Amino acid sequence: MEKLKSIILKIKNGERPEREELLYIVSARRTVTKEVREWMYSLARERAVGVYGHDIYLRGLIEFTNYCRNNCYYCGLRRDNRTVNRYRLTREQILDCADKGYELNFRTIVLQGGEDPAYSDDDICSIVRGIKERHPDCAVTLSIGEKSRESYQKYFDAGADRYLLRHETANAAHYRRLHPSELSMENRMRCLLDLRDIGFQIGAGFMVGSPGQTDECYADDLAYLLELQPHMIGIGPFIPHHETPFRDEAAGTLEDTLYFLAVLRIMFPEVLLPATTALGTIHPRGREMGVLAGANVIMPNLSPTSVRKDYLLYDGKICTGDEAAECRYCMERRMESIGYKVVTSRGDHAGFEAERRV
Ligand code: SAH
Ligand code: SF4
C-alpha cells in the first residue's frame, strides 16, 4: 500500500506518472485496504473542495431522441434493438423542457440523444439558438455523437458551449470488442480534438467494468486523459441491457467506479466530474458516494415523464417516473445530507475563462 500512496502523492504534487505507475494504480484497486481507500477519497474531496468548495453543479438533461443509427454492443438504444419504443421530441417540446429547467434554477441544459439523422444541423442549431435566446445565462451542452468538424463548428457558432463525447476506451482492441467495425476509435478521438480546437469545453470518459476491459485498458484511458486534458470526464459503471449482445455480462462495481472517480479527481483537480445516473442505479446512494469520492456535478433528468422509460441505455435506470421538479429537489436534499450544496450557476470549468484569454 505504501507504493500506491507514494504514486498518488506524486500525482497530487503535479508530477506526471509513468506508464508503469498508472498500471500499478489500476491493479491496486483489487487489493487496496479500506483505510487507504478512505484516504484516497478524502484526498480527492480535498482537491475538489480546494477548487469548487462544497458546491455541486447541476446539469438538466433532455434526452430528446432515442433513435440511433449506431449499433454499440453495450447500449440499449442500438439500432438492432427492435423492442425500443422510439420517440423524437419537437423543437417546441425541447424548448418547453429547457424553460422548465430554467425555472428550476438549472443554468446548464444538456441535449443528449442517439445519433439521429432526422435532426439536421440546422435543426440542432435552431434548438440551441432557441435556448440561448430565451436564457442567455444558460450554458448549452450537446451530447449527440460523432459528426464532421463542419457540423461541430455550426453548433458552436449557434451558441453551444460544451460537448460530451465519451471516448469509451483508449485501447484499440477493447474498442473493437465494444463496437461493430463501422465505428472507429480514431474517429471518436478525431471528434474530441476537433471539438476542443473549435472552442468547446469538452467531456471525454469511459464505462467502468465493461466486457473485456483489462487493467491495461484502464491505464490507456488514464494516459489518454492526461494527454487530452478534457474539461469534463464522465465515468459510470457499465450496466447490461437485456436486449443487447452483452445481456449476460456482469455490471461494473460500485467500488471500482468510486476508486476511479477518486483517482481522476486527484489527477485533475479542476475537472468537472459527474456522479452519474448509472452510479445511482447500481446503489441507492451511489451519487452521494460519488461526490464523497471527488465528483462535483449531478445531471438530473428534464425529459418529459412520458418518454423517460424509453431512453434506456441500460436496465434498471432510476428516476424514470419522476417529474423534473421532483428530481431537482431530491438531489438538493441528497447533497445537503452529505454537507454539499446544489448551486444556481453555469458551473464552467475553473480554468476555462483563463484558457480562453490566452
Ligand atoms: N449517442 C451519444 C450519447 C448517448 S449515449 C453517444 O454515444 O455519445 C451516452 C453514454 O452512455 C455513452 O457514451 C456510454 O458511455 C453510456 N452507455 C451506453 N450504454 C451503457 C450501458 N449499458 N451501461 C452504462 N453506460 C452506458
Ligand atoms: Fe447510439 Fe450512443 Fe447508444 Fe452508441 S452509445 S448506440 S451511439 S446512443
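**Close-up views of the predicted model**

Figure 1. The shell around ligand 2 consists of four nonpolar residues, two polar residues and one charged residue. This view, like those that follow, is taken from a predicted model. The residues around the ligand are Cys68, Asn70, Cys72, Tyr74, Cys75, Arg78 and Gly114. One of them, Cys68, counts as buried, with a relative accessibility of 18%.

Figure 2. A disulfide is a covalent bond between the sulfur atoms of two cysteines. How many disulfides does the model contain? The count is zero. For Cys330, the closest cysteine sulfur belongs to Cys319 and lies 6.2 Å away, which is too far for a bond, because a disulfide requires the two sulfur atoms to be within 2.5 Å. Cys330 is partly exposed, at a relative accessible area of 21%. Cys319 is also partly exposed, at 22% relative accessibility, and is located in the loop between helix 13 (305-308) and helix 14 (324-337). Its backbone has a positive phi, near 65°, although Cys319 is a residue other than glycine.

**Figure 3. The largest nonpolar core and a separate core.** In soluble globular proteins, nonpolar side chains tend to be buried together. The largest nonpolar core of this model has 104 residues, and the members that touch the most others are Ile62, Leu111 and Tyr155. Helix 10 (residues 254-267) supplies the largest share of this core, ten residues. Apart from it lies another core of nine residues, including Tyr52, Leu61, Met232 and Val343.

**Figure 4. Contacts of Leu111 and Ser143.** When neighbours within four places in sequence are set aside, Leu111 is in contact with Ile62, Phe64, Ile94, Ile127 and Ile131, among others. The contacts of Leu111 also include Val140, Thr141, Leu142, Ser143 and Ile144. Ser143 is part of strand 4 (residues 139-143) and counts as buried, at 11% relative accessibility. With neighbours within four places in sequence again left aside, Ser143 is in contact with Leu111, Gln112, Gly113 and Leu164. Between the C-alpha atoms of Ser143 and His231 the distance is 14 Å, and these two residues are 88 residues apart in sequence.

Figure 5. Strand 1 (residues 55-58) and strand 9 run parallel and are joined by three bridges. Within this pair of strands, Asp55 stands opposite Lys341 of strand 9.

Figure 6. Strands of a sheet pair through backbone hydrogen bonds, either parallel or antiparallel. Strand 5 and strand 6 run parallel, joined by three bridges, and Tyr163 stands opposite Ile202 in strand 6. Strand 6 also pairs in the parallel sense with strand 7 (residues 232-237), over six bridges. The bridge partner of Gly205 in strand 7 is Gly234. Eight of the eight residues of strand 6 (residues 201-208) are buried, so this strand is largely enclosed by the rest of the structure.

**Figure 7. The loop around Leu273.** Leu273 is situated in the loop between helix 10 and helix 11 (277-282). Is Leu273 buried or exposed? Leu273 is buried, with a relative accessible area of 0%. Leaving out neighbours within four places in sequence, the residues in contact with Leu273 are Ile233, Leu261, Leu264, Arg265, Gly294, Ala295, Asn296 and Val297. Leu273 and Ile202 are 71 residues apart in sequence, and their C-alpha atoms are 12 Å apart in space.

**Figure 8. Backbone at Glu168.** Most residues other than glycine have a negative phi, and most peptide bonds are trans. Glu168 has a positive phi of about 75°, although it is not a glycine. Glu168 is placed in the loop between strand 5 (162-164) and helix 7 (172-178). The relative accessible area of Glu168 is 9%, and the residue is therefore buried.

How values were computed:
Residues numbered from 1 in each chain as written. Chains lettered and ligands numbered in written order. Predicted model: local features only at pLDDT ≥ 70, side-chain atom pairs only at ≥ 80, totals over all residues. Heavy atoms only, no water. Buried < 20%, exposed > 50% of the residue type's maximum accessible area, 1.4 Å probe, protein only. Near = heavy atom within 4 Å. Nonpolar A, V, L, I, M, F, W, Y, C, P; charged D, E, K, R; others polar. Core = buried A, V, L, I, M, F, W, Y, C linked by side-chain atoms within 4.5 Å. Helix = DSSP H or I, 4+ residues; strand = E, 2+ residues; numbered from the N terminus. Contact = heavy atoms within 4.5 Å. Pairing = 2+ DSSP bridges.
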